[in-house]
Amino acid sequence: MNNLLRLLSDGCFHSGEELGAVLGVSRSAVWKHLQRLEGECDIELFRVPGRGYRLAEPISLLSYEESSVVLARFGWQLYLRETVDSTNAEAFRLLQSGTAAPFVILAEGQTAGRGRRGRLWASPPAQNIYYTLVLKVSDGPQGLSGLSLVVGLAVLQALRRAGVRNAGLKWPNDIYADGKKIAGILLELTGDPADVCHVIIGIGINVNMAASAVEIDQPWTTVRAQIGALANRSELANFVSESLHLYISRHAEHGFSALRDEWEANNLWQGKLCTLSTGSQQVKGLMIGVNELGALRLLVEGQEEQHFSGGELSLRLDHDS
Ligand code: ATP
Ligand code: BTN
């Protein structure tokens with residue numbers, strides 16, 4: 001299926017004969033494959049008698065060859081999937097079946113991409129990046145303090161390298177451009193924290209997505225919208241790998257405190273009035289930054305400084321800020 005999409009990805013006309021010859025199938029089989037592709041991948045296809053088939057517009061596909069070369073430099077194994085439920089769920093399965101970390105899972109599409117707190121992450125095929133890196137945690141979970149913020153910083157720098165301007169960070173690890181969400185990160189821990197455990201670092205980046213079949217209940221943007229051109233997904237995935245390697249190595253060597261200033265310099269809401277939802281209560285305060293472990297520092301009413309950390313927290317900007 002992907003071979004067919006790859007042939008058509010340039011957006012030019014390809015005759016049924018040509019597609020059939022390359023794939024080793026009949027012209028009628030090509031037609032059936034194309035119909036399936038349209039349904040499964042939600043792509044628009046034109047069929048013009050005498051000229052053949054073409055996609056409504058070019059698309060950018062991932063490349064095993066290009067990504068595995070970069071990952072090999074870091075000793076990270078690549079698993080490239082066409083479709084999975086979730087690259088994070090696939091990571092859990094690979095670990096359970098004895099796959100040794102470090103490894104990366106990339107997928108063209110996800111059928112049940114997950115966001116924080118069990119929410120759904122819109123993951124249409126062949127349009128965005130769904131990336132999971134799995135690392136073994138050797139010095140206990142305390143060494144992970146601030147890691148999720150550092151991953152946000154790494155993804156932000158990869159986006160800048162791809163030409164995205166006006167992007168910044170929202171605590172703890174969301175990336176926004178022009179006030180709209182462009183990327184999200186989901187860190188999960190598995191195993192016994194006192195013994196062998198792994199951190200599963202899931203990254204979703206909106207790259208070329210034009211619309212989503214799944215409702216997205218917040219403003220969102222894409223790399224394509226930000227740079228004004230179709231983005232090369234394979235290249236961006238490589239930028240993410242290189243940036244992650246650099247930032248995670250710095251974090252492992254020096255801890256979050258060495259990256260705290262850089263994180264704060266990219267914090268979109270630094271010095272702004274925010275409200276933090278903790279599940280049971282709402283805390284209003286001025287965001288003064290993060291501490292040496294990556295916890296949120298809020299100056300709450302009465303000028304008292306309070307620190308917050310944990311996966312269930314959600315920060316919102318106050319409109320009068
Ligand atoms: P916070 O967790 O701080 O409240 P958030 O509002 O972004 O931030 P998350 O749980 O991190 O919430 O992310 C899930 C949200 O992201 C859901 O509201 C969902 O509608 C939205 N969402 C789903 N897919 C995408 C996507 N591809 N791009 C942007 N947002 C998305
Ligand atoms: C968020 O809610 O902001 C986090 C979104 C994380 C989405 C990515 S896509 C790759 C990985 N696999 C998943 O199922 N989720 C993460």
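## Overall architecture

The protein chain contains nine helices and 14 strands. The model is a predicted one. For a chain of 321 residues, a compact globule would have a radius of gyration near 20 Å, and the 21 Å of this chain agrees with that. Along its principal axes, the C-alpha trace spans about 75 × 45 × 35 Å.

Of the 321 residues, 51% are buried. The chain exposes about 15,000 Å², and carbon and sulfur atoms supply 48% of that area. Among contacts between residues at least 6 apart in sequence, 63% join residues at least 24 apart.

## Helix α5 and its surroundings

Helix α5 covers residues 87–96, and seven of its ten residues are buried, so the helix is largely enclosed by the rest of the structure. The buried residues are T87, N88, A89, E90, A91, L94 and L95. They pack against five strands: β3 (77–84), β4 (103–110), β5 (129–137), β8 (180–191) and β9 (197–205).

T87 belongs to this helix. Its relative accessibility is 3%, and T87 therefore counts as buried, the cut-off being under 20%. Leaving out residues up to four places away in sequence, T87 touches I105, L106, A107, Q110, Y130, Y131 and T132.

## Packing of α2 with α3

Two packed helices are described by the angle between their axes and the distance between the axes. Helix α2 (residues 16–23) packs with helix α3 (residues 27–41) at an angle of about 90 degrees, and the two axes are 8 Å apart. Angles of 65 to 115 degrees count as roughly perpendicular, and α2 is therefore roughly perpendicular to α3.

On the α2 side the contact is made by G16, E17, L19 and G20, and on the α3 side by R27, V30 and L34. By class, the residues of this contact are three nonpolar, two polar and two charged.

## Packing of α4 with α8

Helix α4 (residues 64–74) and helix α8 (residues 233–254) have axes that come within 9 Å and cross at roughly 10 degrees. Angles under 35 degrees count as roughly parallel, so α4 is roughly parallel to α8.

From α4, the residues E66, S67, V70, L71, R73 and F74 take part in the contact; from α8, they meet S234, A237, N238, S241, E242 and H245. The contact of α4 with α8 has four nonpolar, five polar and three charged residues. An α-helix has 3.6 residues a turn, so residues three or four places apart point the same way.

## Cis peptide bonds

The peptide bond from A101 to P102 is cis, and its omega is near 5 degrees.

P172 is in the loop between β6 (167–170) and β7 (174–177).

## Residues with positive phi

A126 is a residue other than glycine with a positive phi, near 65 degrees. A126 is located in the loop between β4 and β5. With a relative accessible area of 6%, A126 is buried. Strands β4 and β5 are among those that pack against the buried residues of α5.

D178 is not a glycine either, yet D178 has a positive phi of about 50 degrees. The residue is found in the loop between β7 and β8. Its relative accessibility is 44%, and D178 therefore counts as partly exposed.

## The loop between β11 and β12

E292 is found in the loop between β11 (282–290) and β12 (296–300). With a relative accessible area of 43%, E292 is partly exposed.

Apart from its neighbours within four places in sequence, E292 is in contact with F256, S257 and R260. The C-alpha atoms of E292 and D261 are separated by 9.7 Å, and these two residues are 31 residues apart along the chain.

Terms used: Residues numbered from 1 in each chain as written. Chains lettered and ligands numbered in written order. Predicted model: local features only at pLDDT ≥ 70, side-chain atom pairs only at ≥ 80, totals over all residues. Heavy atoms only, no water. Axes fitted to C-alpha atoms, helices over the stretch in contact; angles between N-to-C directions. Helix = DSSP H or I, 4+ residues; strand = E, 2+ residues; numbered from the N terminus. Parallel < 35°, antiparallel > 145°, perpendicular 65-115°, else oblique. Contact = heavy atoms within 4.5 Å. Nonpolar A, V, L, I, M, F, W, Y, C, P; charged D, E, K, R; others polar. Rg over C-alpha atoms; globule rule 2.2 N^0.38 Å. Buried < 20%, exposed > 50% of the residue type's maximum accessible area, 1.4 Å probe, protein only. Areas by Shrake-Rupley, 256 points an atom, 1.4 Å probe, with all protein chains shown as cover.
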